[in-house]
Amino acid sequence: MPEKISEDLFNNLVETIADSVSKQKSVSFFEEEKSNSVVSGFNRLFGRQRPVHHILGGGKSADVLLWRNKKISASFLASATLIWFLFEWLNYHFLTLLSFALVLGMVAQFVWSNASGLLNRSSSQVPRLVLPDELFVSIGRSVGAEVNRGLQYLQDVSCQGNLKQFLVVAVSLWVAAVIGSWCNFLTVLYIGFVAAHTLPVLYERYDEQIDGFVYKMLDQFQNHYKKLDSGFLSKIPKGKFKLKKHD
């Protein structure tokens with residue numbers, strides 16, 4: 001019975017996606033003119049009421065992600081691409097690049113400090129690179145806060161006894177493990193970095209079309225989930241598991 005329901009769910013989902021794609025062909029997804037009927041028929045994605053710029057923080061980081069300054073955003077994306085290319089395609093190692101960078105910096109400072117004597121000029125102050133301690137403290141606090149938040153969420157899911165939520169999280173982690181087996185951690189970070197620099201700006205520009213398409217797909221997923229829940233998931237026992245005491 002569960003296999004038949006899953007098969008029907010998969011077939012209906014494929015037909016829904018195919019039907020949605022065929023309907024989207026008649027109207028350009030990135031159409032410049034925005035339809036008022038679409039705006040009135042759909043809510044903002046994830047209940048969004050504020051602009052995307054405010055959701056992203058409204059600071060300089062949001063300006064970079066939304067390409068307010070194209071030169072700065074392009075430089076960030078180009079730098080990430082260069083780093084990924086050096087490590088993934090040219091097979092450089094972090095220690096190798098770090099050593100080369102330190103050697104180049106020492107050579108530049110050495111030439112700077114001795115150029116005045118060679119050119120019979122007065123000595124000049126050699127610039128020195130000093131990273132502030134607050135930078136490392138801020139990075140450590142941010143990383144620690146996010147790690148603790150993730151650990152707290154996973155432990156809450158494990159201890160609350162909600163089997164459905166537990167299975168969803170477990171399957172999500174399994175999917176992440178499968179994706180990690182296809183590519184290494186650096187490639188996953190690069191894909192996420194590129195997505196962060198492309199998806200928000202595309203959504204800000206074409207938010208109405210994306211909202212309409214996503215909410216239509218979510219409605220179809222909800223209908224299919226109700227069928228699966230009524231046929232299989234509702235039969236899963238709820239509540240916390242209790243161990244029997246043995247005398």
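**Labels and their cut-offs**

Tutor: Arg-149 and Glu-146 form a salt bridge, with their closest N and O atoms 3.8 Å apart. The model is predicted: local features need pLDDT of at least 70, side-chain atom pairs count only at pLDDT 80 or more, and totals for chains, interfaces and linings use all residues. Residues are numbered from 1 along each chain as its sequence is written, and side-chain values use heavy atoms, leaving out hydrogens and water.

Student: Why is the pair Arg-149 and Glu-146 called a salt bridge?

Tutor: The rule asks for a side-chain nitrogen of Lys or Arg within 4 Å of a carboxyl oxygen of Asp or Glu. The N and O atoms here are 3.8 Å apart, so the pair qualifies. Both residues sit in helix H7, three residues apart, which means about one helical turn separates them.

Student: What makes Arg-149 exposed?

Tutor: Exposed means over 50% relative accessible area, buried under 20%, and partly exposed in between (1.4 Å probe, protein chains only). Arg-149 has 55%, so the label is exposed. Glu-146 has 48% and therefore counts as partly exposed.

Student: How many salt bridges does the rule give?

Tutor: The count is two. The other pair is Arg-68 and Glu-204, at 2.9 Å from N to O. Arg-68 lies in the loop between helix H4 (60-65) and helix H5 (70-88), and Glu-204 in helix H9 (residues 185-205), so the pair ties together parts 136 residues apart in sequence. Arg-68, at 44% relative accessibility, is partly exposed. Glu-204 is partly exposed too, at 27%.

Student: How do you know what counts as a helix?

Tutor: Helices are DSSP runs of H or I with at least four residues; strands are runs of E with at least two; numbering starts at the N terminus. By that rule the protein chain has 10 helices and zero strands.

Student: What makes Val-52 and Leu-66 part of a nonpolar core?

Tutor: A nonpolar core is a set of buried Ala, Val, Leu, Ile, Met, Phe, Trp, Tyr and Cys residues joined through side-chain atoms within 4.5 Å. The largest one has five residues: Val-52, Leu-66, Tyr-203, Tyr-206 and Ile-210. A contact means heavy atoms within 4.5 Å. Leaving aside neighbours within four places in sequence, Val-52 is in contact with Leu-66, Pro-200, Tyr-203 and Glu-204. Of the chain's 247 residues, 16% count as buried.

Student: Why can Leu-151 belong to a surface patch?

Tutor: Patch members need over 30% relative accessible area and no salt bridge; nonpolar side chains (Val, Leu, Ile, Met, Phe, Trp, Tyr) are joined within 5 Å, like charges within 9 Å. Leu-151 has 43%, so that cut-off is passed. The nonpolar patch covers about 1100 Å², with Leu-151, Phe-136 and Tyr-153 among its residues. Areas come from the Shrake-Rupley method with a 1.4 Å probe; for residues, only the protein chains shown count as cover. Helix H7 (residues 133-160) supplies the largest share, eight residues.

Student: What makes the phi of Trp-67 worth a note?

Tutor: Most residues other than glycine have a negative phi. Trp-67 is not a glycine, yet its phi is positive, about 60 degrees. Trp-67 lies in the loop between H4 and H5. Its relative accessible area is 24%, so Trp-67 is partly exposed.

Student: Where is Asn-91 found?

Tutor: Asn-91 is in the loop between H5 and helix H6 (94-118). Asn-91 also has a positive phi of about 60 degrees. At 54% relative accessible area, Asn-91 is exposed.
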